Amino acid sequence: MSQKKVLYVSQEIYPYLEETNISNTSRYLPQAIQEKGKEIRAFMPKYGNINERRNQLHEVIRLSGMNLIIDDTDHSLIIKVASIQSARMQVYFIDNDDYFQNRETLVDAKGLEYDDNDERSIFFIRGVMETIKKLRWVPDIIHCHGWFSALAPLYIKKGYADDPCFKGAKVIYSLYDESFDKAFQHGFAEKLRFDGIGDPEIEKVKERGVIDYTNLMKLAIDFSDGVVQGSEKVNPEIIQYIQEKGVKFLPYHADFDKRVEEIDAFYEEIDS
């Protein structure tokens with residue numbers, strides 16, 4: 001039996017950003033799953049406040065150079081990589097001058113959310129997908145962490161549904177105790193337009209109305225094969241939605257080692 005491959009798509013990974021539930025999970029879960037014999041890749045955005053020299057990031061020239069069109073505007077895709085030596089784990093970074101290079105994380109230095117976080121999220125997800133295509137790496141499981149990765153299930157199941165790298169992939173989305181204040185911009189649904197994401201998919205997004213945090217989570221769940229509860233507390237409305245949709249669900253477990261065992265078994269169940 002060939003070695004199963006798991007792709008981690010996360011909005012934050014420690015030690016490149018400060019320790020949070022999401023960044024710690026995105027750091028230690030891939031290592032633990034790798035130690036269980038699976039092959040892993042991990043991606044996150046290259047926010048402007050990540051120190052490239054201290055963290056020893058370097059650009060991967062053979063993967064960079066593509067332009068992604070979002071809302072009729074070209075944006076150059078830059079791929080960087082760094083290693084977490086103690087974990088024998090590489091982290092790939094999605095970078096762009098407009099969306100990431102001169103920015104903080106998802107909020108600015110004053111703690112205010114960026115108005116174009118919707119476009120930044122689209123660019124991040126499509127950047128991950130295009131990089132995986134260039135690597136010719138075919139994941140069995142794609143596990144997404146943090147709301148900034150919430151568009152990945154839609155793109156994988158619709159935008160890249162016929163691509164050989166993704167057509168067999170199972171998507172798992174982790175829910176956390178997080179949120180954001182600024183709903184996505186008016187016209188967001190049209191920005192999603194891409195191969196495989198046409199009028200039917202865009203209309204489905206529009207039917208949700210304003211894309212606030214709760215509606216974004218529901219959109220992620222609509223296209224996920226399984227959902228993991230990543231925090232002790234999450235929005236009960238979203239849990240109820242998972243139950244209504246009949247999506248496979250893994251509740252939260254406080255003990256990390258036990259959680260790893262359960263998630264590894266969940267991968268096997270989803271991909272069986």
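1. Two strands pair if DSSP finds at least two bridges between them. Strands (E, at least two residues) and helices (H or I, at least four) are DSSP runs, numbered from the N terminus. Strand S1 (residues 5-10) and strand S8 (residues 141-145) pair in the parallel sense, over five bridges. Leu7 has Ile142 in S8 as its bridge partner.

2. A note on the source. This is a predicted model: local features need pLDDT of at least 70, side-chain atom pairs count only at pLDDT 80 or more, and totals for chains, interfaces and linings use all residues. Residues are numbered from 1 along each chain as its sequence is written, and side-chain values use heavy atoms, with hydrogens and water left out.

3. Now the whole sheet. Nine strands form an open sheet with mixed pairing, in the order S3-S6-S7-S2-S1-S8-S9-S10-S11. S3 and strand S11 (248-250) stand at the edges with a single partner strand each, so one side of each has no neighbour in the sheet.

4. Next, the aromatic rings. The structure holds 16 aromatic pairs (ring centres of Phe, Tyr or the six-membered ring of Trp within 6.5 Å; planes under 30 degrees apart are stacked, over 60 edge-to-face, the rest tilted). The Tyr99 and Phe123 rings are tilted, because their planes stand at 50 degrees, with centres 5.5 Å apart. Tyr99 lies in helix H2 (residues 97-101) and Phe123 in helix H3 (residues 117-135), 24 residues apart.

5. Tyr99 is buried at 2%, and Phe123 is buried at 0%.

Conventions. Buried means under 20% relative accessible area, exposed over 50%, partly exposed in between (1.4 Å probe, protein chains only).
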